[in-house]
Amino acid sequence: MKRLIVFLEWVGGGLLFIVMALITSSAFSRYAFSAPLVDSDDIARLLLLPAIFFGLAGACHHGEHIQVDLLWNGLGNAARLQVDRFATLCMAVIVGAMAYSAIGRVIDIFDSNVGTYEMRIPLWPFFAVACLGLVLSAIVLVHRLFVMRPDTETVDSAAPTDTTT
């Protein structure tokens with residue numbers, strides 16, 4: 001599972017880098033050559049969603065997503081574990097429902113043959129990659145439910161150690 005998380009984090013970071021490079025290159029070419037890169041804004045916008053969803057998987061695995069600790073800080077370890085499990089279960093259900101809905105959306109976009117404005121690049125691959133990020137995030141959340149133990153606060157220390165490299 002650690003290798004999958006590292007891979008997902010690298011994919012999310014790589015996509016975010018591509019978004020940044022596209023926007024920077026387009027802005028530079030717009031001011032230097034009076035000609036922005038064709039469809040760069042659309043492609044950057046379309047890559048942002050998969051970057052977020054692939055990053056979500058890593059954040060969920062490490063327990064670093066947005067959370068409210070007001071109640072949690074006043075609880076003992078056993079109660080904290082139950083609150084964490086409930087929150088992770090809710091998050092897994094919500095992300096799973098989003099992934100299920102996204103699959104239908106990808107099929108609709110594929111059937112409609114929608115493309116970008118200028119170059120008519122098909123949109124469905126971008127949405128399919130975002131959907132894959134959601135599915136993988138849901139899988140990571142379900143895995144997190146099973147590796148949480150009461151003596152630890154994070155999944156990183158609760159997950160079984162991988163001694164093989």
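Modeller: The turns below take up helices, their packing, a salt bridge and some backbone angles.

Biologist: What should I know about the model before reading it?

Modeller: This is a predicted model, in which local features need pLDDT of at least 70 and side-chain atom pairs count only at pLDDT 80 or more, while totals for chains, interfaces and linings use all residues. Residues are numbered from 1 along each chain as its sequence is written, and side-chain values use heavy atoms, with hydrogens and water left out.

Biologist: How is a helix defined, and what span should helix α1 have?

Modeller: Helices (H or I, at least four residues) are DSSP runs, numbered from the N terminus. The expected span is 1.5 Å times one less than the number of residues. Helix α1 covers residues 2-33, and its 32 residues should span 46 Å. The end C-alpha atoms of α1 are 45 Å apart, which agrees.

Biologist: Which residues of α1 are buried?

Modeller: A residue is buried under 20% relative accessible area, exposed over 50%, and partly exposed in between (1.4 Å probe, protein chains only). In α1 the buried residues are Ile 5, Leu 8, Gly 12, Leu 15, Val 19, Leu 22, Ser 26 and Ser 29. Their cover includes α2 and α4 (124-147), where contact means heavy atoms within 4.5 Å.

Biologist: At what angle do α1 and α2 pack?

Modeller: Axes are lines fitted to C-alpha atoms, for helices over the stretch in contact, and angles run from 0 to 180 degrees between N-to-C directions. The axes of α1 and α2 are 8 Å apart, and the packing angle is about 155°. That makes α1 roughly antiparallel to α2, a term for angles over 145 degrees. The crossing of these two helices is left-handed, that is, the near helix is turned anticlockwise from the far one by less than a right angle.

Biologist: How do α3 and α4 cross?

Modeller: Their axes come within 8 Å and cross at roughly 160°. That makes α3 roughly antiparallel to α4, and α3 passes α4 in a left-handed crossing. Leu 89 lies in helix α3 (residues 77-112) and is partly exposed at 42% relative accessibility. The C-alpha atoms of Leu 89 and Leu 145 are separated by 7.0 Å, although these residues are 56 apart along the chain.

Biologist: How many salt bridges are counted?

Modeller: Side chains of opposite charge can pair when their charged atoms come close. A salt bridge is a side-chain nitrogen of Lys or Arg within 4 Å of a carboxyl oxygen of Asp or Glu. By this rule there is one salt bridge. It joins the side chains of Asp 42 and Arg 45, at 2.8 Å from N to O. Both residues lie in helix α2 (residues 40-62), three residues apart, about one turn of the helix. Asp 42 is buried at 18% relative accessible area, whereas Arg 45 is exposed at 53%.

Biologist: Where is a positive phi found in a residue other than glycine?

Modeller: Most residues other than glycine have a negative phi. Asp 39 has a positive phi, near 60°, and is found in the loop between α1 and α2. Asn 113 has a positive phi near 55°, and its place is in the loop between α3 and α4. Another case is Ser 34, which follows α1 and has a positive phi near 55°.

Biologist: Is Asp 39 buried or exposed, and is Asn 113 buried or exposed?

Modeller: Asp 39 is buried, with a relative accessible area of 4%. Asn 113 is exposed, at 58%.

Key: Angles under 35 degrees count as roughly parallel, over 145 as roughly antiparallel, 65 to 115 as roughly perpendicular and the rest as oblique.
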